Amino acid sequence: MPLTEPHDDHLRQEDPVDAARDAGGGAPDETAPPGAAAAGPEAYGPEAYGPEGSASEAEASGPEEFGPEVSEPAASGPEVSEAEASAPEPEPVLPEPVRQRIVALTATVLPGLPADEVPVPLRRVAKFAPNRRARLGAPAIAAQLTADPLFRQRITARVLADTGDLGAAVLEGTAPAAADPVEVAALAYLARPRGWRELIEASGAAVRAEADSAVVAELVREAEQRATRAEHDRAVARVEAEKLRDELARVREELGQLREESRQLTRSLRETQARERKATELLATERGRATRAAADADAELRRVRARLAEAEAAAGVARASAKEARSVDDARLWLLLETIGQAAVGLRRELALDPVDKLPADFVADAFADQTAAPAAGAATRARDTDDPARLDQLLALPRAHLVVDGYNVTKRGFGEMSLEQQRKRLITGLGGIAAQTGDEVTVVFDGAERMHGLPPAPRGVRVLFSRKGETADELIRRLVRAEPPGRPVVVVSSDREVADGVRRHGAYPLGADSLLRRLARS
């Protein structure tokens with residue numbers, strides 16, 4: 001690649017070998033590889049200047065070699081003045097893709113230039129990140145490429161060194177047929193060989209042609225889509241027309257049926273009117289009979305009222321007698337309860353039973369295997385065939401009641417939109433309030449082979465259990481019910497029919513999940 005700037009309409013045309021000889025002070029090294037001639041910006045670095053900072057022979061030519069404003073024009077005849085011959089041609093109007101590609105190429109190689117070869121307006125841009133350099137520094141880069149031919153030459157040398165055969169072809173003023181016209185125009189603008197303006201114009205024409213082709217292709221695609229939609233609408237219309245024809249035939253058939261039914265209804269109406277006249281005559285006859293029967297009923301009513309007065313008097317005497325008998329029964333019942341209470345105190349003192357720390361449900365929670373025991377005689381007497389939510393408060397009011405809750409059965413019915421963790425937390429918190437209000441023992445059972453993490457601390461009086469591996473919550477609830485002593489009220493809340501039937505056989509009180517949910521909502 002020649003060391004000097006490629007052909008520019010503004011610059012004096014020189015042989016590349018002579019330009020390299022002038023810049024280097026002698027003939028180029030014939031033994032150097034072909035790429036060694038492309039010295040790029042190094043030819044204009046600090047080594048090209050003397051110790052006092054004066055320009056070396058390579059820079060002595062100055063604007064006469066690189067500046068478009070002082071290039072020597074060719075002789076154009078005596079009628080062309082020197083000012084007119086040296087006036088630079090205006091910059092061509094670049095298509096937007098070409099301008100963006102020129103800025104992108106410059107931004108790519110800009111950080112590779114030595115710091116003293118980067119123009120002052122671009123030194124800050126050179127420090128930007130690669131993705132920001134071309135986007136934010138585009139105006140400054142474009143202005144510098146237009147105003148500074150020497151900077152453009154240094155950029156061109158590095159860009160052409162990276163493009164290889166395409167750059168060499170552009171330097172020769174030719175554009176390969178398979179090359180991207182935008183890339184060719186960008187390289188032509190930077191290298192400026194002979195005919196570079198024609199290359200840029202050809203690129204602009206190619207870009208516009210591609211845009212027009214894209215527009216035409218889009219119009220064709222839209223036309224095909226409209227034709228497809230029209231064909232589809234036509235097919236749909238045909239189908240709808242067939243449907244309407246079938247519907248019309250069906251309506252006509254129904255109309256014939258309705259006309260036949262209308263004739264039958266007309267005949268039925270006539271028959272009904274005839275029967276109505278007969279019924280009117282019978283009604284008049286029956287009214288006479290009813291009048292006589294009403295008179296007989298009034299007489300019988302007077303007799304019944306007399307007997308009722310006698311019965312009320314007898315009932316008053318009976319109530320007085322029942323009140324006295326109830327007083328005697330109340331006294332007997334009080335004496336019986338007092339006797340039972342004293343007997344229980346004496347039995348407790350005789351057996352020396354200490355207060356217990358654990359309840360039957362705690363032993364069931366600690367046991368792994370299901371210890372099936374036969375239900376005690378008389379346990380079934382505790383069962384009640386009721387599923388009324390209002391019964392929950394009455395059952396919890398019984399002394400030493402035990403409330404057992406099927407956890408997920410209640411939560412998924414009441415607030416299933418929450419996560420399982422939020423369901424458990426909400427239910428356990430609500431049961432804590434019930435335990436605090438009633439003082440009853442409360443046990444909630446969840447399905448799960450292992451204890452869940454993230455559970456809130458169980459409130460006072462609430463026991464939280466999880467079924468073990470190979471066991472369901474329903475089986476654990478039945479074991480809890482069987483572990484309770486006969487006579488103790490046990491309330492099981494579950495809408496599972498199988499659970500309700502199972503605990504009812506063991507004497508518990510099954511209630512639906514809605515009863516507990518309403519109780520929690522009321523709290």
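User: Is Arg-522 buried or exposed, and what is its relative accessible area?

Analyst: The model is a predicted one. A residue is called exposed when its relative accessible area is over 50%. Arg-522 has a value of 52%, and therefore counts as exposed.

User: Which residue does the side chain of Arg-522 meet in a salt bridge?

Analyst: A salt bridge is read from the distance between a side-chain nitrogen and a carboxyl oxygen, with a cut-off of 4 Å. The partner of Arg-522 is Asp-393, with an N to O distance of 2.6 Å. This pair links distant parts of the chain: Asp-393 lies in helix H14 (residues 391-396) and Arg-522 in helix H19 (residues 513-522), 129 residues apart. Asp-393 is partly exposed, because its relative accessible area is 35%.

User: How many residues apart are Glu-231 and Arg-234, and in which helix do they lie?

Analyst: Here the two residues belong to one helix, H12 (residues 196-351), and are three residues apart, about one turn of the helix. Glu-231 counts as partly exposed at 41% relative accessibility, and Arg-234 counts as partly exposed at 42%.

User: Which parts of the chain does the pair of Glu-441 and Arg-488 tie together?

Analyst: The closest N and O atoms of Glu-441 and Arg-488 are 2.6 Å apart, and the two residues form a salt bridge. Glu-441 lies in strand E2 (residues 441-446), whereas Arg-488 lies in the loop between helix H17 (473-483) and strand E4 (490-493), so the pair ties together parts that are 47 residues apart in sequence. Both Glu-441 and Arg-488 are buried. They also belong to a network of salt bridges in which Arg-463 and Glu-484 take part. For the structure as a whole, the count comes to 19 salt bridges.

User: At what angle do the axes of helix H5 and helix H8 cross?

Analyst: Angles of 65 to 115 degrees count as roughly perpendicular. The axes of H5 (residues 96-109) and H8 (residues 138-147) come within 10 Å and cross at roughly 90 degrees; H5 and H8 are therefore roughly perpendicular to each other. On the H5 side, the contact is made by Arg-99, Ile-102, Val-103, Thr-106 and Ala-107, and on the H8 side by Ala-138, Ile-141 and Leu-145. These residues divide into six nonpolar, one polar and one charged.

User: Where does Thr-156 lie, and which backbone oxygen lies 2.6 Å from a polar atom of its side chain?

Analyst: Thr-156 lies in helix H9 (residues 149-163). It is buried, because its relative accessible area is 2%. The oxygen in question is that of Arg-152, at 2.6 Å from the polar side-chain atom of Thr-156.

User: How many helices and strands does the protein have, and what share of its residues count as buried?

Analyst: The protein has 19 helices and five strands. Of its 523 residues, 31% count as buried. Among contacts between residues at least 6 apart in sequence, 65% join residues at least 24 apart.

Key:
Residues are numbered from 1 along each chain as its sequence is written. This is a predicted model: local features need pLDDT of at least 70, side-chain atom pairs count only at pLDDT 80 or more; totals for chains, interfaces and linings use all residues. Side-chain values use heavy atoms; hydrogens and water are left out. Helices (H or I, at least four residues) and strands (E, at least two) are DSSP runs, numbered from the N terminus. Buried means under 20% relative accessible area, exposed over 50%, partly exposed in between (1.4 Å probe, protein chains only). A polar contact is a pair of N or O atoms within 3.5 Å; within protein, one must be able to donate a hydrogen and the other to accept it, and residues adjacent in sequence count only if both atoms are side-chain atoms. Axes are lines fitted to C-alpha atoms, for helices over the stretch in contact, and angles run from 0 to 180 degrees between N-to-C directions. Angles under 35 degrees count as roughly parallel, over 145 as roughly antiparallel, 65 to 115 as roughly perpendicular and the rest as oblique. Contact means heavy atoms within 4.5 Å. Ala, Val, Leu, Ile, Met, Phe, Trp, Tyr, Cys and Pro count as nonpolar, Asp, Glu, Lys and Arg as charged, and the others, Gly among them, as polar.
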